[in-house]
Amino acid sequence: MNLRRQNGKQPGTVDFRVPIGWEERTGHLNDEPIKRLIIFLRSTGCEWVEKTGGCTMCGFYCATSHGREVSAQDYIAQFEYVMDAVDLGDYPVISIYNDGNVFNEREMPLDAVKEICRYIDGYSNIKKVVVESRIDYSPEAQVRKMQKLLCGRQLELAFGFESANPEVMNLCINKGFTSNNFDIFFERMQRLGILTKPLLLVKPPFLTESESVSDILQTLAYLISRGVDSIDLEVTTVERNTVVHELWKHGLYRPPWLWSLVDLLQRAKEQYGERMHVYVSPWTYSVESLDWARNCGACDRELIKAVEAYNVQFDTDVFTGIDCSCAHEAWTDVYRETDGRTIPERIRDHLATLGSAAESQR
């Protein structure tokens, strides 16, 4: 939590009636690619951060009020601000993110959810609404209320699942729940008719490059066995005042190579085919990133464009013919690297390095 406190206080000039921003992305509705609008609301911040310090890679708290109340009227004003700037009639899918948990009333008042849903009901073209919330901050009563307020539109709940491996989930990421919690949650959402979208993390801290790819593939197999057929990949970025940021500053973490992402997508397609649609979320968020998925620099732009093209139809053929010397040299060497230590041993050693560095700076 000390890292979060280093963020300082939000300047008094921040207007909590104005959202962080919005952007258009590729989405899918009934298996067809469509335009969707992403709205980033400025919020109180995730309660999990307040309780535990939050997930090791997440720097979203920087963009919030750091736990201070944001009123229902402020949230409503933010949504109205977007309505004035963008024609919601152009988007069959809108995603509303509050850098936390929409279904946690301590973060987002129900009155705000009600009014936003009332506005959405004025647009017959909007067929699906996506929100994000931790599974433990998504009580059935709150989910039912929003479902009813949307008047028959699809409600999709995106949530950070990250990994089916309990060590990765809780030691590398500090997620705070287990696969068993997910199983219960998923069955409950299916019973309610709520769509769910697990978010998986590409290259959490303390994993090697190849381990991070294997972890996603194993998690996909687990999710398919539970009946999940669509996920989002969240590619780790380096955001200020996070554990990942501290590791990165001391040369103990590097974001994933783009070649690793291509390898992951191709292997997922080969192993699971149409049983699982794997979407790659753009690594632009509500906070500034200091580092992100990259290769040598020469081939980065071409590969990023190919990933964007892949997201439309989930066609891995878009990567055919793209090549660079770094794929045969630097990336290959990194991908072959192994670490004989257990995850707890790696964490212990990394934290010891950070502690020594802090002592030397005093």
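Two strands pair if DSSP finds at least two bridges between them, and that idea runs through much of this briefing. What you have above is a predicted model, where local features need pLDDT of at least 70, side-chain atom pairs count only at pLDDT 80 or more, and totals for chains, interfaces and linings use all residues. Residues are numbered from 1 along each chain as its sequence is written, and side-chain values use heavy atoms, with hydrogens and water left out. Helices (H or I, at least four residues) and strands (E, at least two) are DSSP runs, numbered from the N terminus.

- Let's start with the open sheet: eight strands make it up, in the order 1-2-3-4-5-6-7-9, with mixed pairing.
- Its edge strands are strand 1 (21-29) and strand 9 (277-280), and each of them pairs on one side only.
- From one strand to the next, the twist averages 30 degrees. Angles here run from 0 to 180 degrees between N-to-C directions, and axes are lines fitted to C-alpha atoms, for helices over the stretch in contact.
- Strand 6 (residues 195-202) and strand 7 (residues 230-235) run parallel and are joined by four bridges.
- Two of the residues to look for there are leucine 201, whose bridge partner in strand 7 is glutamate 234, and leucine 199, whose partner in strand 7 is aspartate 232.
- Strand 6 also pairs with strand 5 in the parallel sense, over six bridges; here alanine 158 has lysine 197 of strand 6 as its bridge partner.
- How many residues of strand 6 are buried? Seven of its eight are, so to speak, under cover, where buried means under 20% relative accessible area, exposed means over 50%, and partly exposed is in between (1.4 Å probe, protein chains only).

**The hairpin of strands 1 and 2**

- Strand 1 and strand 2 run antiparallel, held together by nine bridges. Arginine 25 stands opposite arginine 36 in strand 2.
- The hairpin has two residues between the strands, and asparagine 30 takes a positive phi near 55 degrees in it.
- Aspartate 31 sits in the loop between strand 1 and strand 2, and its phi is near 70 degrees, a positive value in a residue other than glycine.
- Is aspartate 31 buried or exposed? It is exposed, with a relative accessible area of 62%.

**Another positive phi**

- Most residues other than glycine have a negative phi.
- Phenylalanine 206 has a positive phi of about 80 degrees, although it is not a glycine.
- You'll find phenylalanine 206 in the loop between strand 6 and helix 8 (209-226).
- With 8% relative accessibility, phenylalanine 206 counts as buried.

**Helices 5 and 7**

- Helix 5 (residues 140-149) and helix 7 pack at an angle of about 30 degrees, and their axes are 11 Å apart.
- That angle makes helix 5 roughly parallel to helix 7; angles under 35 degrees count as roughly parallel, over 145 as roughly antiparallel, 65 to 115 as roughly perpendicular and the rest as oblique.
- Which residues make the contact? Glu140, Val143, Arg144 and Gln147 come from helix 5, while Arg188, Met189, Arg191 and Leu192 come from helix 7. Contact means heavy atoms within 4.5 Å.
- By class, the contact of helix 5 with helix 7 has three nonpolar, one polar and four charged residues. Ala, Val, Leu, Ile, Met, Phe, Trp, Tyr, Cys and Pro count as nonpolar, Asp, Glu, Lys and Arg as charged, and the others, Gly among them, as polar.

**Helices 10 and 11**

- The axes of helix 10 (residues 258-272) and helix 11 come within 10 Å and cross at roughly 30 degrees, so helix 10 and helix 11 are roughly parallel to each other.
- Helix 10 brings Leu258, Trp259, Leu261, Val262 and Leu265 to the contact, and helix 11 brings Asp300, Leu303, Ile304, Val307 and Tyr310.
- In the contact of helix 10 with helix 11, nine residues are nonpolar, none is polar and one is charged.

**Serine 289**

- Serine 289 belongs to strand 10 (residues 289-291) and is buried, with a relative accessible area of 15%.
- Leaving aside its neighbours within four places in sequence, serine 289 is in contact with Thr237, Val238, Glu239 and Trp283.
- Serine 289 and valine 262 are 27 residues apart in sequence and 21 Å apart in space, C-alpha to C-alpha.
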